[in-house]
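Please examine the sequence and the structure shown below. The paragraphs that follow lead through selected loops, helix pairs and nonpolar cores.

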Amino acid sequence: MTGQDAQAANPFAAGCAWIDGQYLPVAEARIPILDTGFVRSDLSYDVVAVWEGRFFRLDDHLDRLFAGCRRIRLTPPLTQAEIREILIGTVRRSGLREAYVEAIVTRGVPEPGVRDPRRLTPRVYAYAIPYVWIVPSEQQPRGTDVVITRGTRRIPPTAVDPTVKNFHWGDLTRGLFEAYDRGAALPILPGEDGLITEGPGFNVFALIDGVLRTPGHGVLEGITRRTVIEIAGQDGLPVAVGDLPADDLYRAAELFLTSTAGGVMPVATLDGQPVGDGRPGPVAMKIRDRYWELHRDPRYTLEVDYGEAG
Ligand code: PLP
């Protein structure tokens, strides 16, 4: 059998999930309806990419997951090494060379009548599905269209800690609808203080007066964001991590979004107006190239052994 035939015959080709110690095709994966991850968003999770058969910064993602769990007083029932093996197991079985790989730790399923989160036993779920693009790869060289939301503010960090990767997406989803209503593809949300935060699944960077700026608080500290800051540092590009007022964004020469789901995604228009000359700028495109190059670098990646499965 060729690799392609084997993949066509693979029941996990559309994705592989891990639940309760078992690997199963993602379409068959079910969660218990009373899990507080589902009914209370009481969880943390992380998403890591596999590109050309290699995990990108897997241990950094797992470190963030475990740090997030500690912040919400959630003790994963498995070790970091065990969850790492499960994630590798989902990818290996799926045979996917480009994958979006998620691990979720929930507070768990309460006994009847129990509402005290301390009395629950946490649970782990995991899956690998084909890679997800927030901005389609073929569109990235043209750039995407974003708005700064007017009717939606980011949930304040004093209510939901955005450094703990979470499913409290009410504001982000509302922002998406506002973006569609205004003819754009994606929203960037300001916080209550008017400072730029982030958007649904991505961080924000702006090149303003020769400095690459990104919000310093009120955001998830993205692994892609970290990678971009490192690349900029290596290139001698000044980076400022701190307050980013919405007004400053309108005078950016370049604007781009970063996420594990799509990488470094240039922005063409902001609130219907061109950013720079309305095309992705040279700084964004160079960082984007470097970002993808790193996906082949053994210092940042872990090669998946697909064995018989692939
Ligand atoms: N901000 C939010 C709200 C996210 O959900 C994500 C996740 O994808 C990001 C930013 C980007 O983080 P990362 O680069 O680690 O994928």
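D20 counts as exposed because its relative accessibility is 56%; exposed means over 50% relative accessible area, buried under 20%, and partly exposed in between, with a 1.4 Å probe and protein chains only. This is a predicted model, in which local features need pLDDT of at least 70 and side-chain atom pairs count only at pLDDT 80 or more, while totals for chains, interfaces and linings use all residues. Residues are numbered from 1 along each chain as its sequence is written, and side-chain values use heavy atoms, with hydrogens and water left out.

D20 is placed in the loop between β1 (16-19) and β2 (22-25). Helices (H or I, at least four residues) and strands (E, at least two) are DSSP runs, numbered from the N terminus. The phi of D20 is near 50 degrees, a positive value in a residue other than glycine. R57 also is not a glycine and has a positive phi, of about 55 degrees. R57 belongs to the loop between β4 (54-56) and α3, and its relative accessibility of 9% means that R57 counts as buried.

Helix α3 (residues 58-71) meets helix α4 (residues 80-94), their axes coming within 11 Å and crossing at roughly 130 degrees. Axes are lines fitted to C-alpha atoms, for helices over the stretch in contact, and angles run from 0 to 180 degrees between N-to-C directions. Angles under 35 degrees count as roughly parallel, over 145 as roughly antiparallel, 65 to 115 as roughly perpendicular and the rest as oblique. The helices α3 and α4 are therefore oblique to each other. On the side of α3, the contact (heavy atoms within 4.5 Å) is made by L58, D59, L62, D63 and F66, and on the side of α4 by Q80, I83, R84, L87 and I88. These residues divide into six nonpolar, one polar and three charged; Ala, Val, Leu, Ile, Met, Phe, Trp, Tyr, Cys and Pro count as nonpolar, Asp, Glu, Lys and Arg as charged, and the others, Gly among them, as polar.

A nonpolar core is a set of buried Ala, Val, Leu, Ile, Met, Phe, Trp, Tyr and Cys residues joined through side-chain atoms within 4.5 Å. This core has 25 residues, and those with the most contacts inside it are F55, I83, L87, V91 and V101. Leaving aside neighbours within four places in sequence, the residues in contact with V101 include V48, F55, L87, V91 and Y127. Apart from this core lies another, of 21 residues, among them V135, I188, I196 and V204.

P190 is found in the loop between β8 (186-188) and β9 (203-208). With a relative accessible area of 4%, P190 is buried. Not counting residues up to four places away in sequence, P190 touches several residues, including I148, T152, R154 and I196. P190 and P245 are 55 residues apart in sequence, yet 8.4 Å apart in space, C-alpha to C-alpha.

A further helix pair is α6 (residues 223-234) and α8 (residues 282-293), whose axes come within 10 Å and cross at roughly 110 degrees. The two helices are therefore roughly perpendicular to each other. Their contact is made by T224, T227, V228, I231 and Q234 of α6 and by I287, R290 and Y291 of α8. Those residues divide into four nonpolar, three polar and one charged.
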